[in-house]
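This briefing covers selected features of one structure, grouped by topic. Please consult the sequence and the coordinates alongside the text.

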Amino acid sequence: MRLLQQGLIALCALAAPLAGGQASAAAPGTILHQEAIPGAPDGAQAYRVTYQSRTAKGDDVAVSGLIIVPAGTPPAAGRPVVAWAHPTTGVVPACAPSNSVLRFAMIPGLRDMLKQGFVVTATDYPGTGPGEVQPFLDGPAEARAVLDSVRAAARIAGSGAGPRFALWGHSQGGQAVLFAGATQADYAPELQLAGVAAAAPATDLSALFRDDMGTKGGNNLTALALWSWARTEAAPFEPIVKPEAAPAIEAVAAKCIDVLLTSPSKRAADKVLATGFLTVPNVATVEPWRSIIARNSAGPLPKHVPLFLAQGGADVIVRPAVTQGYMKRQCAAGGKVTLHSRPQTGHGWIAAKSAQAAVSWLADRFAGLPAPDSC
């Protein structure tokens with residue numbers, strides 16, 4: 001979700017989508033298109049794929065992403081899979097991370113995961129890549145796309161991907177992996193979840209919108225959400241947006257995050273949004289947006305699923321108190337939580353700074369070691 005990311009989120013090379021947004025009536029995880037692509041680290045083989053998934057409403061949808069297979073012969077029991085879920089990159093098709101020239105650099109810990117022998121998947125989420133618009137901060141849709149990327153990995157010839165998998169995500173991707181961990185037993189019961197790792201996850205969306213509104217990042221977050229939800233949730237934003245701000249919202253939504261950093265149209269939009277563009281003090285208190293926000297706020301994981309949380313003390317997007325609150329709820333639910341704190345780290349860098357610790361934690365879960373507990 002980080003809307004002013006530095007370094008890791010330079011993306012949106014305008015490559016054409018691999019397939020249309022409508023998927024055929026195939027089983028979730030079915031690969032609809034694949035192509036080998038160069039540039040993966042350490043001799044790994046990478047594929048850009050389009051695969052079958054399901055929306056939050058259960059409709060078929062085509063989703064694009066990456067599947068990266070380590071070099072060497074897979075073990076007889078199959079390779080573990082780590083499903084990476086990315087932070088916010090934009091809500092229009094061109095903003096799919098798999099289309100970026102920096103697609104591999106945008107997966108924190110990728111080299112370490114490949115050295116560990118993990119297959120790595122990286123979904124684009126529905127709507128970025130194939131389709132027309134991403135259902136932004138839609139936890140169930142993101143979760144299904146993440147889980148179906150694991151199913152797709154097993155369908156890549158020679159991948160050796162087995163049923164054991166883990167989840168790793170940042171910000172919006174943290175929301176995605178928490179929803180995936182909570183729904184996996186029902187949606188993908190044939191898979192075996194070893195653990196969930198989330199860096200500065202978007203958990204309490206009401207707090208997120210409240211805390212960030214009025215900041216440049218918060219204004220962008222709200223603009224992206226309102227623009228997306230107008231199209232995916234039948235919730236037109238005009239009733240709560242000042243008429244003169246509507247073009248600014250359109251301008252923000254039309255760009256990817258790297259363009260948001262430098263675009264003249266984005267700078268002009270920022271000036272409009274900075275003056276206060278809503279007619280209500282808090283979008284999270286007004287229907288239908290209140291209900292949309294509530295149902296996409298993450299609940300606790302099943303208590304048997306271990307959780308790794310990384311949080312930066314200097315994060316002003318997902319604030320430490322929000323992550324600490326989610327940790328308390330997970331502990332109260334009987335879960336085991338490992339908290340990795342980095343006091344000087346802000347939102348954009350927390351996944352990169354915590355990747356080594358997260359991958360080590362994931363490797364221990366695949367090895368069957370008892371999960372440490374910070375509760």
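Is T203 buried or exposed? In this predicted model, T203 is buried, with a relative accessible area of 2%. The points below begin with the surroundings of T203, then turn to strand β8 and the strands paired with it, and end with two helix pairs.

**Surroundings of T203**

- T203 belongs to the loop that lies between β7 and α4 (205-212).
- Leaving aside residues up to four places away in sequence, T203 is in contact with L178, S297, A298, V322, Y326 and R329.
- The 2% relative accessible area of T203 falls under the 20% cut-off, and T203 therefore counts as buried.

**Strand β8 and its pairing**

- Strand β8, formed by residues 307-312, is mostly covered, with six of its six residues buried.
- L307, L309 and Q311 point one way from β8, whereas F308, A310 and G312 point the other way; all are buried.
- Strand β7 (residues 192-199) runs parallel to β8 and is joined to it by four bridges.
- Within this pairing, A198 has L309 of β8 as its bridge partner.
- Strand β9 (residues 337-342) also runs parallel to β8, and six bridges join the two.
- On the β9 side, the residue opposite L309 is L339.
- Between β8 and β9 the chain passes through helix α10 (residues 320-332), giving a β-α-β crossover that is right-handed.

**Helices α4 and α5**

- Helix α5 (residues 216-232) packs with α4 at an angle of about 130°, and their axes are 8 Å apart.
- Angles of 65 to 115 degrees count as roughly perpendicular and those over 145 as roughly antiparallel; α4 and α5 are therefore oblique to each other.
- The crossing of these two helices, α4 and α5, is left-handed.
- On the α4 side the contact involves L208, F209 and D212, and on the α5 side G218, N219, L221, T222, A225 and W229.

**Helices α6 and α8**

- Helix α6 (residues 246-253) and helix α8 (residues 264-274) cross at roughly 140°, their axes coming within 9 Å.
- That angle makes α6 oblique to α8.
- The α6 and α8 crossing is left-handed.
- α6 contributes A248, I249, A251 and V252 to the contact, while α8 contributes S265, K266, A269, V272 and L273.

Conventions
Residues are numbered from 1 along each chain as its sequence is written. This is a predicted model: local features need pLDDT of at least 70, side-chain atom pairs count only at pLDDT 80 or more; totals for chains, interfaces and linings use all residues. Side-chain values use heavy atoms; hydrogens and water are left out. Buried means under 20% relative accessible area, exposed over 50%, partly exposed in between (1.4 Å probe, protein chains only). Two strands pair if DSSP finds at least two bridges between them. A crossover is right-handed if, with the strands pointing away from the viewer, the path from the first strand over the helix to the second runs clockwise. Axes are lines fitted to C-alpha atoms, for helices over the stretch in contact, and angles run from 0 to 180 degrees between N-to-C directions. Angles under 35 degrees count as roughly parallel, over 145 as roughly antiparallel, 65 to 115 as roughly perpendicular and the rest as oblique. A crossing is left-handed if the near helix is turned anticlockwise from the far one by less than a right angle, and right-handed if clockwise. Contact means heavy atoms within 4.5 Å.
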